[in-house]
Amino acid sequence: MKSSPRLKRLLDWLIMNQRDARPRWYVRLMAPLYQHRGRGAKIYCSVRMDTPPYRQFSLGRDSVVESYSCINNAVGDVLIGNNTRIGLHNTIIGPVTIGSHVNLAQGVIVTALNHNYCETSKRIDEQGVSTKPVVIGDDVWIGANAVILPGVTIGRHCVVAAGAVVTKDVPDDTIVGGVPAREIKKLKD
């Protein structure tokens, strides 16, 4: 495919609806064949699964994706661990790795995607996108309406306060909050 850009464009057109930026209906029908869902995992029927087959989507054992969420792996894999809850109306845009025993409250946005905009001679929608992977460790709680931006790593056993905008890495055992998020306190035994 790398040697034939025309073939790549054709396959992309056959798989993805370019206007709607989501897989075509016949590709979505085959999703159970290429999505990995662990035993006891549940994705509610109102979830928008923009998961083309050329990227990996994995939902671990006993994990849940709640209603009205959107999962998009068109530009990078989305991997979700065991016993994790993706709350109501969340948006996850890969490449994102979420650990086990993670709870995302309602309205959380986790995005590894940015639109390029630096070339002033071109419109922004002509400049493409860039990604920086997001990693969320095990045993993390992210409060309602928090935003996790590209390139961020959140360590193990952390809490992100409601409404926080996380722009930098969060070390293990830390509570962060605010816009932009800053350390509020360290968690100790």
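Guide: The protein chain exposes about 10,900 Å² (Shrake-Rupley method, 1.4 Å probe), and carbon and sulfur atoms supply 55% of this area. This is a predicted model, in which local features need pLDDT of at least 70 and side-chain atom pairs count only at pLDDT 80 or more, while totals for chains, interfaces and linings use all residues. Residues are numbered from 1 along each chain as its sequence is written, and side-chain values use heavy atoms, with hydrogens and water left out.

Of the 189 residues, 41% count as buried (under 20% relative accessible area; exposed is over 50%, partly exposed in between; 1.4 Å probe, protein chains only). The chain carries 24 positive and 16 negative side chains, where Lys and Arg count as positive, Asp and Glu as negative, and His and the chain ends are not counted.

The whole structure holds 7 salt bridges (a side-chain nitrogen of Lys or Arg within 4 Å of a carboxyl oxygen of Asp or Glu). In one of them, Asp50 meets Arg48 at 2.8 Å, N to O. Asp50 is buried at 2% relative accessibility, whereas Arg48 is partly exposed at 32%. Arg22 joins Arg48 and Asp50 in a network of salt bridges.

Glu66 pairs with Arg85, their closest N and O atoms being 2.2 Å apart. This pair links distant parts of the chain, 19 residues apart. Glu66 is buried, with a relative accessible area of 14%; Arg85 is partly exposed at 37%.

Asp173 and Arg156 form a further salt bridge at 3.3 Å, N to O. These two residues lie 17 residues apart, each in a loop. Both are partly exposed, Asp173 at 23% and Arg156 at 40%.

Terms used. Charge placed at Lys NZ, Arg CZ, Asp CG, Glu CD. Helix = DSSP H or I, 4+ residues; strand = E, 2+ residues; numbered from the N terminus.
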